[in-house]
Amino acid sequence: MELHVVINGRKDLAAQLYKQLREAIESGRLAAGMQLPPTRLLTEQLGISRKTISDVYAQMAYENFLIA
C-alpha cells in the first residue's frame with residue numbers, strides 16, 4: 001500500500017496527519033480493510049514522533065475511521 005502524506009512545516013503535525021488520513025479514507029484512496037503503515041515506519045518517513053502518530057491513530061479509531 002502506498003500512502004502519500006505531506007507534512008508542511010512543524011505546526012499542528014497531528015492535525016495535518018489526521019486531515020490527510022481522514023480525506024484518504026473518505027475519498028476511497030484508503031479502502032475498507034486496508035492496513036495503515038506501522039507508527040515506526042511513518043516516524044521514519046515523515047519525521048513525526050511516534051507518539052503523535054499513535055495519538056492520531058487512536059483518535060481515528062475512537063471516531064470509527066480505523067479499527068485498532
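The crossing of helices H2 and H3 is right-handed, a crossing being right-handed if the near helix is turned clockwise from the far one by less than a right angle, and left-handed if anticlockwise. The model is a predicted one, in which local features need pLDDT of at least 70 and side-chain atom pairs count only at pLDDT 80 or more, whereas totals for chains, interfaces and linings use all residues. Residues are numbered from 1 along each chain as its sequence is written, and side-chain values use heavy atoms, with hydrogens and water left out.

Helix H2 spans residues 39–46 and packs against H3 at an angle of about 125 degrees, the axes lying 9 Å apart; helices are DSSP runs (H or I, at least four residues) numbered from the N terminus, and axes are lines fitted to C-alpha atoms over the stretch in contact, with angles running from 0 to 180 degrees between N-to-C directions. H2 is therefore oblique to H3, where angles under 35 degrees count as roughly parallel, over 145 as roughly antiparallel, 65 to 115 as roughly perpendicular and the rest as oblique. Contact (heavy atoms within 4.5 Å) joins Thr-39, Arg-40, Leu-42 and Thr-43 of H2 to Arg-50, Ile-53, Ser-54 and Tyr-57 of H3. The residues of this contact comprise three nonpolar, three polar and two charged, with Ala, Val, Leu, Ile, Met, Phe, Trp, Tyr, Cys and Pro taken as nonpolar, Asp, Glu, Lys and Arg as charged, and the others, Gly among them, as polar.

The axes of H1 and H3 come within 9 Å and cross at roughly 45 degrees, so that these two helices are likewise oblique to each other, and H1 passes H3 in a right-handed crossing. On the H1 side the contact is made by Leu-13, Ala-14, Leu-17, Tyr-18, Leu-21, Arg-22 and Ile-25, and on the H3 side by Thr-52, Ile-53, Val-56, Tyr-57, Gln-59 and Met-60. These residues divide into 10 nonpolar, two polar and one charged.

Two salt bridges are present in the structure, each defined by a side-chain nitrogen of Lys or Arg within 4 Å of a carboxyl oxygen of Asp or Glu. One links Glu-26 and Arg-22, at an N to O distance of 3.0 Å, both residues lying in H1 (residues 13–27), four residues apart. Glu-26 is exposed at 52% relative accessibility, while Arg-22 is partly exposed at 29% (buried means under 20% relative accessible area, exposed over 50%, partly exposed in between, with a 1.4 Å probe and protein chains only). In H3 (residues 50–62), Asp-55 and Lys-51 are also four residues apart, about one turn of the helix, and form a salt bridge whose closest N and O atoms are 2.8 Å apart.
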